Amino acid sequence: MDLMIFDGRFRNEHPGRYVISEPLCWRRLTLTPSHLACVVTDEVVCRLARLHGSKLLHVAVDGARLLGPSSVSTLAYNSPQLQGFTATACQGISLASIRFLCKSCPNLEILRVAGCGSEVG
């Protein structure tokens, strides 16, 4: 799958390979079904967090059903300046990883989480 980045957003252009181009500004990353369907995985999010996490301010992964807690934890480790995180209908993301994100990102002002993880309650 080729992932092309345009203004901080990804588009699935050619399944089979990864192509990541450097955007002008890595402040907002949106990985939602309207952009990528169900191809958002822990591998993709973890790699992006490691490569560009220091620049990220807002991340949205709404509907990314394949994500697990490692993607959120990797974001927390690599994006301490994160100001906003949105995750809805991501059943694999755990409450523990959301708590870790909150502790690791002191600038987090916007947190929207719904329908994630079996631990939520």
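1. C90 is buried, with a relative accessible area of 0%; buried here means under 20% relative accessible area and exposed over 50%, with partly exposed in between (1.4 Å probe, protein chains only). The sulfur of C90 lies 4.6 Å from the closest cysteine sulfur, that of C116, which is too far for a bond. C46 is also buried, at a relative accessible area of 6%. Across the whole structure, zero disulfides are found, a disulfide being a pair of cysteine sulfur atoms within 2.5 Å.

2. On the basis of these values: this is a predicted model, in which local features need pLDDT of at least 70 and side-chain atom pairs count only at pLDDT 80 or more, while totals for chains, interfaces and linings use all residues. Residues are numbered from 1 along each chain as its sequence is written, and side-chain values use heavy atoms, leaving out hydrogens and water.

3. Strand β5 (84-88) has four of its five residues buried, so the rest of the structure largely encloses β5. Helices (H or I, at least four residues) and strands (E, at least two) are DSSP runs, numbered from the N terminus.

4. β5 pairs with β4 (residues 58-60) in the parallel sense over three bridges; pairing requires that DSSP finds at least two bridges between the strands. H58 stands opposite G84 of β5. From β4 the chain crosses through α3 to β5, and this β-α-β crossover is right-handed, meaning that, with the strands pointing away from the viewer, the path from the first strand over the helix to the second runs clockwise.

5. β5 and β6 run parallel and are joined by five bridges, with L111 in β6 as the bridge partner of F85. The β-α-β crossover from β5 through α4 to β6 is right-handed.

6. Helix α4 (residues 95-104) has L95, S97, I98 and L101 buried. Seen down the axis of α4, these residues fall within an arc of 165 degrees, so they line one face of the helix; the arc is taken over the directions from the helix axis to the C-beta atoms. R99 and K103 are exposed on the face turned away from the buried side of α4. The cover over the buried residues of α4 includes α3 (69-78), β5 and β6 (110-114).

7. The largest nonpolar core has 25 residues, of which V59, V61, L82, F85, I93 and L101 touch the most other members. Such a core is a set of buried Ala, Val, Leu, Ile, Met, Phe, Trp, Tyr and Cys residues joined through side-chain atoms within 4.5 Å. Two or more residues come from each of α2 (42-52), α3, β5 and α4, and α2 gives the most, with four.

Note on methods: Contact means heavy atoms within 4.5 Å.
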